[in-house]
Amino acid sequence: METQKTYDITIVGGGIVGAATAYKLQLKYPNLKLLLIEKEAYLAAHQTGNNSGVIHSGLYYKPGSAKAKNCVDGRKQLVQFAKTYGVRHEVCGKAVVAVNESELPFMDKIFKNGLANHTEGIEKIDADQLKDIEPHVKSIGGIWVPCTGIIDFKGTTEKLVELVLGQQSESKLVLEEAVISCSHDSNTSLVVTTKNKYQTKHLIFCGGLQADRLAKKDQVDLSEKVVGFRGDYYNLTEQAKDKVRNLIYPIPNPVFPFLGVHFTRMVNGDVECGPNAVMTFKREGYGKTDFNIKDTLDALSYSGTWNLLLNNTRFAMNEYRRAFSKKLFLKTLQRLIPTLTMDDIEPGRAGVRAMLLKKDGRMEDDFKIAYNGKSIHVLNAPSPAATACLSIADSIVEKAGVYFNLD
């Protein structure tokens, strides 16, 4: 295995956060030779390419948190990027729908969050106003969020990397190479993949579902562990697509870190419904029965997994039941659109979301980045990371400039 030429910075992970980081680094430091390593055969193979494609608004996140700040700034950058480079997108707006009185207090809370986070144009609307926007929804009112929309995140990732390679001829993308190990001396680091060895001055890890494992390979002291949650989607059939005009979300359950089953009109015209949220027995497993012995033992031998399940037993059981029952999934969808029938939905794709889980079962809710010798590790990049990718990358590049002494 021959050692390749030395790169200034190597980014591990070809999802949208890794691609955005490479893009922002190359913009600020055009002379740097960057290497982007992705273990799959194409970019955006996991979380980036298997999410619902929503440009999030910043409505739900705690004011002052990194998620809130990065979401709002990142959304504006993302939309401008899409306009500039012809990435498929549409700022179509979404309705956040209340169906009963018990949801109104939390609806008020997230509306105040939105105001505090400077989410543009949001307004409370009554049932008649909501009916004008989404005629097939039954509600007692909700929130209209005009600044959100839909985008092709895979296309965005590919365009980001294309721009990096177009700006610096000595920067490089390698695919189908998984990082096995990395080691450091006083001047450079050695990255060993399944196919090559690379010398690099610095490393930035954006590993998503593999973030904790990559951190351990780099000797990062990490007490948390990544646990994967699979989300299954259904698609509306051709006969039912006109029942959804834009994006339709429920009022989320404040107890759980998920936004609930929602309707998304995609950039290709399809309408997706979902996702649910079930712990997966394979970190990168998108089928309902996918199983990997290493991943399963890794999750079930961790106290945080058991604490999470014990603290949320009823929720977990309901999600698993719905994962295997079209009828139960439909019942959830009918809370928002009562006229949907079994013939209106058909099984769609699935995605897996990385959750950084603490030993007590609590999920790390905000972005988490660690600094370790010659490396920076993005340990947790939960939703809205795809929307916020360019803003997250700004933060990483700013810190890298100081930490790596680039300026």
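Glu162 belongs to helix H5, which spans residues 153–167; helices (H or I, at least four residues) and strands (E, at least two) are DSSP runs, numbered from the N terminus. With a relative accessible area of 47%, Glu162 is partly exposed, a class lying between buried (under 20% relative accessible area) and exposed (over 50%), with a 1.4 Å probe and protein chains only. Glu162 and Met363 are separated by 201 residues in sequence and by 34 Å in space, C-alpha to C-alpha. The model is a predicted one, in which local features need pLDDT of at least 70 and side-chain atom pairs count only at pLDDT 80 or more, while totals for chains, interfaces and linings use all residues. Residues are numbered from 1 along each chain as its sequence is written, and side-chain values use heavy atoms, with hydrogens and water left out.

Helix H5 also takes part in helix packing. Two packed helices are described by the angle between their axes and the distance between the axes. Here the axes are lines fitted to C-alpha atoms, for helices over the stretch in contact, and angles run from 0 to 180 degrees between N-to-C directions. The axes of H2 and H5 cross at roughly 70 degrees and come within 11 Å, so the two helices are roughly perpendicular to each other; that class covers 65 to 115 degrees, with angles under 35 counted as roughly parallel, over 145 as roughly antiparallel and the rest as oblique. On the H2 side, Leu78, Phe81 and Tyr85 meet Phe153, Thr156, Lys159, Leu160 and Leu163 of H5, where contact means heavy atoms within 4.5 Å. The contact of H2 with H5 comprises six nonpolar residues, one polar and one charged; Ala, Val, Leu, Ile, Met, Phe, Trp, Tyr, Cys and Pro count as nonpolar, Asp, Glu, Lys and Arg as charged, and the others, Gly among them, as polar.

Helix H2 (residues 66–85) packs against helix H11 (residues 389–403) as well, at an angle of about 115 degrees and with the axes 6 Å apart. This pair, too, is roughly perpendicular. Lys69, Asn70, Asp73, Gly74, Gln77, Leu78 and Phe81 of H2 meet Leu390, Ser391, Ile392, Asp394 and Ser395 of H11. By class, the contact of H2 with H11 holds four nonpolar, five polar and three charged residues.

Aromatic rings come next. Rings of Phe, Tyr and Trp (its six-membered ring) pair if their centres lie within 6.5 Å, with planes under 30 degrees apart counted as stacked, over 60 as edge-to-face and the rest as tilted. Seven aromatic pairs are found by this rule. Tyr403 is partly exposed at 34% relative accessibility, whereas Phe404 is buried at 5%. Ring pairs also join Tyr23, Phe81 and Tyr85 into a cluster. A charge sits over a ring if NZ of Lys or CZ of Arg is within 6 Å of the ring centre and within 35 degrees of the ring normal. Lys94 lies over the face of Tyr249, 4.1 Å from the ring centre.

Two loop residues complete the picture. Thr119, in the loop between helix H3 (104–116) and strand S6 (123–125), is buried at 5% relative accessibility. Neighbours within four places in sequence aside, Thr119 contacts Ser57, Gly58, Leu59, Arg75, Gly114, Val145 and Cys147. Asn292 sits in the loop between strand S17 (278–279) and helix H7 (293–300) and is partly exposed, at 26%. Asn292 and Phe281 are eleven residues apart in sequence and 6.2 Å apart in space, C-alpha to C-alpha.
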